[in-house]
Amino acid sequence: MTALPSTDRRRLLFVLVLAVAVGAFTATVPLLRDWFDLRVYYGAVDTWVHHGGSIYDYRVPGTAYGFTYPPFAALGMLPMALVGLSTAIALALLLNLLALALVAGMLAGPELRRHGWFGCALTACLLALLEPVRDTFSFGQVNLVLLALVLSDAWLLSGGRGRWAGVGIGLAAAIKLTPALFIALLLLGRRRRAAGVATAVALAATALAAWVVPDASRFYWTDALWDTSRIGRLAYVSNQSLQGVLARLVAPQEPSRALWAALALLVLAVWVRRTSRALAGEDWAAAFALTGLAACLVSPITWVHHLVWLLPSFAVLLRRRRLRVAAALYAVLCSSVVWLWFDDASGLGGFLGSNTYVWITLGLLLWLPVGQPRPDRPALSHRTSATPAAPSTAAPAIPAAPDQPSPASPEGAATTGRALIAGRAVAVGRAPRPGRAPGPPCPAGADAGAEAAEGPAAGAACVSASVPTGSTRPSAAKPQSSSERASSYTVSPPPA
């Protein structure tokens with residue numbers, strides 16, 4: 001493996017070359033989305049605020065696509081009504097950059113700080129190549145913001161600041177329903193206070209939206225929520241969920257909802273089992289990663305840009321030194337390979353290829369390393385593991401020299417007691433007090449520190465035979481090492 005440049009000058013040159021390559025790739029190879037989803041958000045808010053219409057009345061000209069999120073999401077986007085579209089695009093870019101920086105910091109903060117600006121620059125370039133990330137920017141989507149909100153709760157819980165934990169998950173669930181699965185994670189991990197906070201915040205935000213826009217709220221919860229055609233075709237190749245797999249198998253017919261529900265329940269059962277194992281080992285990083293994977297699989301529609309929820313899984317793989325697996329999955333997620341079956345996903349090749357990202361998500365859910373505590377605890381876990389019991393340190397029998405008294409004799413017993421006291425003093429870093437006579441050996445279960453007693457009883461204090469001496473104390477344990485397709489986005493753009 002080629003070593004990275006070691007001097008600042010070479011590192012700067014390397015980063016500049018890599019940034020140019022990433023920019024050229026992004027501008028030529030992937031399909032640019034022309035801020036399609038942001039145009040939907042902007043049009044919906046503009047129709048509501050400036051034209052007296054409902055949030056869900058707006059449609060992108062020439063398409064059937066409109067606003068599909070809960071009404072509270074529109075409340076959060078109200079500032080766009082004060083600016084033009086170009087300014088809204090610029091603000092969305094800045095917001096996504098900030099959210100991405102927060103996500104990277106919460107997932108790999110110590111590693112980034114260790115490598116300084118060079119590590120941050122390399123990470124930025126690598127993330128810019130990842131299809132879910134670049135699509136989130138190009139669409140003007142909110143996925144990274146939601147991920148940052150959820151991970152902020154993980155950060156609070158892991159740092160012992162649980163008073164406000166749950167606010168981020170609650171807000172994310174009010175903006176989009178999929179993050180609500182993280183409330184179940186909190187319950188599974190017995191973080192009932194955080195789960196209660198998340199539920200209360202989500203309900204309060206939903207109630208606020210119902211008070212501000214009652215008609216839109218009624219329409220969403222009784223009609224729009226259950227109409228998946230408003231979001232887009234289930235069989236569209238960008239839908240990398242379990243229902244997307246079923247839809248492409250039977251297209252143009254509708255997939256069986258009963259079969260989808262059965263598969264979703266099976267995935268959730270696997271999620272509960274694997275997440276419980278992670279929580280048993282206080283591996284909250286893996287638990288949050290597994291929950292993001294399960295949410296992507298069971299959601300009726302998971303567009304490619306929703307797969308930013310896989311980023312915590314990559315952090316777990318890197319932390320567990322599964323570098324080859326992480327590199328292989330990263331390369332596939334950068335390739336846009338599923339779009340090769342944009343026109344036709346029939347046959348075995350179409351079944352396997354058009355669902356590539358589903359297989360990656362499912363594979364991570366099944367085989368992501370969990371429940372394997374390491375000395376360098378993950379950043380999302382704050383409890384320390386119990387200290388293992390010390391090995392037995394009883395002194396071995398040493399034959400007496402010819403000119404020394406036998407241990408069985410009174411003189412030998414006194415000599416042995418003095419040696420044990422001296423050995424313990426060395427072990428704890430202090431010398432025995434002068435003028436003190438050693439006491440008899442301690443019986444089983446006696447306080448090993450009894451010889452430190454003050455006053456008249458000091459002479460009668462016992463000496464623990466289990467205290468290691470300088471010669472028998474074990475050495476410290478070593479730490480572990482650680483063309484048509486392009487036109488489809490302008491004539492018939494993908495759903496938000």
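How many aromatic pairs does the structure hold? There are 18 aromatic pairs in this model, which is a predicted one. Here are my notes.

1. Take Y236 and F342 as an example: their rings sit edge-to-face, with 6.2 Å centre to centre and 80° between the planes. The two come from distant parts of the chain, 106 residues apart. Y236 is in the loop between α10 and α11, and F342 is in the loop between α15 and α16. Y236 has 8% relative accessibility, so it counts as buried. F342, at 21%, counts as partly exposed, because buried means under 20%.

2. Ring pairs also build a cluster, made up of Y41, Y56, F67, Y69, F219, Y220 and W221.

3. Next, the largest cavity, with about 90 Å³ of space. Its lining includes N143, K176, C296, H306 and W309. Helices α6 (143-158) and α13 (284-298) each supply at least two of the lining residues. By type, the lining divides into six nonpolar, five polar and one charged.

4. Have a look at S313 too, in helix α14 (residues 311-319). Its relative accessibility is 0%, so S313 counts as buried. Beyond its neighbours within four places in sequence, S313 is in contact with A289, L293, L364 and L368.

5. One of those contacts, L364, is among the buried residues of α17. Others in that helix include Y357, I360 and G363. Helix α17 covers residues 356-367, twelve residues in total, and reaches 16 Å from its first C-alpha to its last, close to the 16 Å expected.

Notes: Residues numbered from 1 in each chain as written. Predicted model: local features only at pLDDT ≥ 70, side-chain atom pairs only at ≥ 80, totals over all residues. Heavy atoms only, no water. Helix = DSSP H or I, 4+ residues; strand = E, 2+ residues; numbered from the N terminus. Buried < 20%, exposed > 50% of the residue type's maximum accessible area, 1.4 Å probe, protein only. Contact = heavy atoms within 4.5 Å. Expected span 1.5 Å × (residues − 1). 1 Å grid on protein atoms, 1.4 Å probe; cavity = no way out; pocket = protein on both sides within 12 Å on 5 of 7 lines; lining within 4 Å. Points joined across faces, edges and corners; volume = space filled by probe spheres on them. Nonpolar A, V, L, I, M, F, W, Y, C, P; charged D, E, K, R; others polar. Phe/Tyr/Trp six-rings, centres within 6.5 Å; stacked < 30°, edge-to-face > 60°.
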